[in-house]
Amino acid sequence: MPLWSQILVLLIGGLHAASSFFHFSRKRYGGVWAAAWVGLTLATALAGSRALLAVYVVTVVGWNAWWVSLRPRTDRDWAPDVGRQTTGTIEGGLLTVRDVRCFDWHTETEFEERWETRSYELARLDSVDLFASYWASPSIAHLIVSFGFEGSDQLAFSIEVRRERGELWSNFAGFFKAYELVTIAADERDIIRLRTTVRREDVYLYRLQSTPAFRERLLRAYIADCNRLAAAPRFYHTIITNCTTQIVRLVRAAGERMPLDWRMIATGHMPAYLQRIGIVDPSKPFAEIKARAAISKLGQALDRDPEFSQRIRAERGP
């Protein structure tokens, strides 16, 4: 076998070994598939047998045909916190949201499960905020958009990986059709307290500059996307289809211009990008805004306070 053919076989086999390892690692047997690909690839590249090469080609073609046929599903045995996909309807000026998550978290694995149907008057929609939650690196954050209604109601949307019960999470597996996508609407005493108090992540709250028309368009875009996702599930992708890229897509759908930027991938820097384009208050240095936005200690102090949402906004630093 010519050298270029050997290199091509090794490259193709290496890619398939990596994809199979991460795709099946969530089921804890990715190593078996990867080892099989490595063995077949090395044997084909080193032996130079036409028969073995034919087997290799047929295997690659068959694998890719199977890979293309993979479709996201809605009927898996989901982990409880992502067990339901939020949906909603808007009739006149009334928004009804089904499956709003209102868990009471004791630890990451111990909680009281509760899902509710809630209604909101669109005429009372008066704010939209962004939460950025950091757990590992300043460049990586999970972003949550929260809509505020006059009278202190908040409705937070979190776009997440939809894990199966007991399934392992891996950023790398997220490249290889390992997980579905889910959008959770939740009470902030669930979804924000989980991060500030239970997981002890570094959480920041930013008020977004918005008009009433834009807020309503964005909320409608979220509800429409939730309904589409319930009807036609999508795969999560670590870079292309994640919490940040989906927010960008919805903001654009609501009519806001968001030029491409590297911070759409380095999600931890997204608040600074939003300030640069004027969606976060551009009148002050970002360092000052970020310092005021920090709410982790406040969230921990408030814990299960019934006025959690109001107080994390009212009692932030000056």
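Okay, so let's start with arginine 98 and what it touches. Leaving aside residues up to four places away in sequence, arginine 98 is in contact with Thr86, Thr87, Gly88, Thr89, Glu116 and Thr117. You'll find arginine 98 in strand β2, which covers residues 94–101. Keep in mind that this is a predicted model.

For a sense of distance, take isoleucine 295. That residue is 197 residues away from arginine 98 along the chain, and the two C-alpha atoms are separated by 28 Å.

Let's zoom out for a second. The chain has 318 residues, and buried ones make up 49% of them. You can count 11 helices and 10 strands. If you put a box around the C-alpha atoms along the principal axes, you get roughly 75 × 40 × 40 Å. And here's one about how the chain meets itself: take the contacts between residues at least 6 apart in sequence, and 65% of them join residues at least 24 apart.

Now, helix α1. It runs over residues 3–25, so to speak the opening stretch on your screen. That's 23 residues, and from the first C-alpha to the last the helix reaches 32 Å, close to the 33 Å expected at 1.5 Å a residue. Which of its residues are buried? They are Ser5, Val9, Gly13, His16, Ala17, Ser19, Ser20, His23, Phe24 and Ser25. What do those buried residues pack against? Two other helices: α2, residues 30–47, and α3, residues 50–69.

Next, the cores. Here's some background: in soluble globular proteins, nonpolar side chains tend to be buried together. In our model, the largest nonpolar core has 52 residues. The ones with the most contacts inside that core are Phe147, Leu155, Phe157, Leu218, Leu219, Tyr222 and Leu274. Helix α6 gives the largest share of this core, 8 residues. There's also a second, separate core with 22 residues, and Ile184, Leu205, Leu298 and Leu302 are among them.

Not counting residues up to four places away in sequence, leucine 155 touches Leu95, Val97, Val100, Tyr120, Val145, Ser146, Phe147, Phe149, Ala185 and Ala186.

So much for packed atoms; what about the gaps? Rolling a probe the size of a water molecule over the atoms shows where empty space is left. How many cavities of 30 Å³ or more does the structure hold? There are 2. You've met Leu274 already, as one of the residues with the most contacts inside the largest core. Several elements each supply at least two residues of this lining: β6 (125–134), β7 (142–149), α6 (212–231), α7 (243–253) and α8 (270–276). By class, the lining has 13 nonpolar residues, 2 polar ones and no charged ones.

The second largest cavity has about 30 Å³ of space. Its lining is Arg73, Thr74, Gln85, Arg162, Glu180, Leu181, Leu229 and Pro233. Sort those by class and you get 3 nonpolar, 2 polar and 3 charged.

About 940 Å³ of space lies in the largest pocket. Of its 32 lining residues, Trp135, His142, Val161, Trp169 and Arg199 are the closest to the centre. Two elements give two or more residues to this lining, namely β8 (153–162) and α5 (193–198). Which one gives the most? That's β8, with 3 residues. The lining as a whole divides into 17 nonpolar, 7 polar and 8 charged residues.

And the second largest pocket? Its volume is about 210 Å³. There are 13 lining residues, with Asp281, Lys284, Ile289, Arg292 and Arg316 closest to the centre. Here the elements giving two or more residues are β10 (202–207) and α9 (286–293), and α9 gives the most, with 4. By class, this lining has 6 nonpolar, 1 polar and 6 charged residues.

Methods: Residues numbered from 1 in each chain as written. Predicted model: local features only at pLDDT ≥ 70, side-chain atom pairs only at ≥ 80, totals over all residues. Heavy atoms only, no water. 1 Å grid on protein atoms, 1.4 Å probe; cavity = no way out; pocket = protein on both sides within 12 Å on 5 of 7 lines; lining within 4 Å. Points joined across faces, edges and corners; volume = space filled by probe spheres on them. Nonpolar A, V, L, I, M, F, W, Y, C, P; charged D, E, K, R; others polar. Expected span 1.5 Å × (residues − 1). Buried < 20%, exposed > 50% of the residue type's maximum accessible area, 1.4 Å probe, protein only. Contact = heavy atoms within 4.5 Å. Core = buried A, V, L, I, M, F, W, Y, C linked by side-chain atoms within 4.5 Å.
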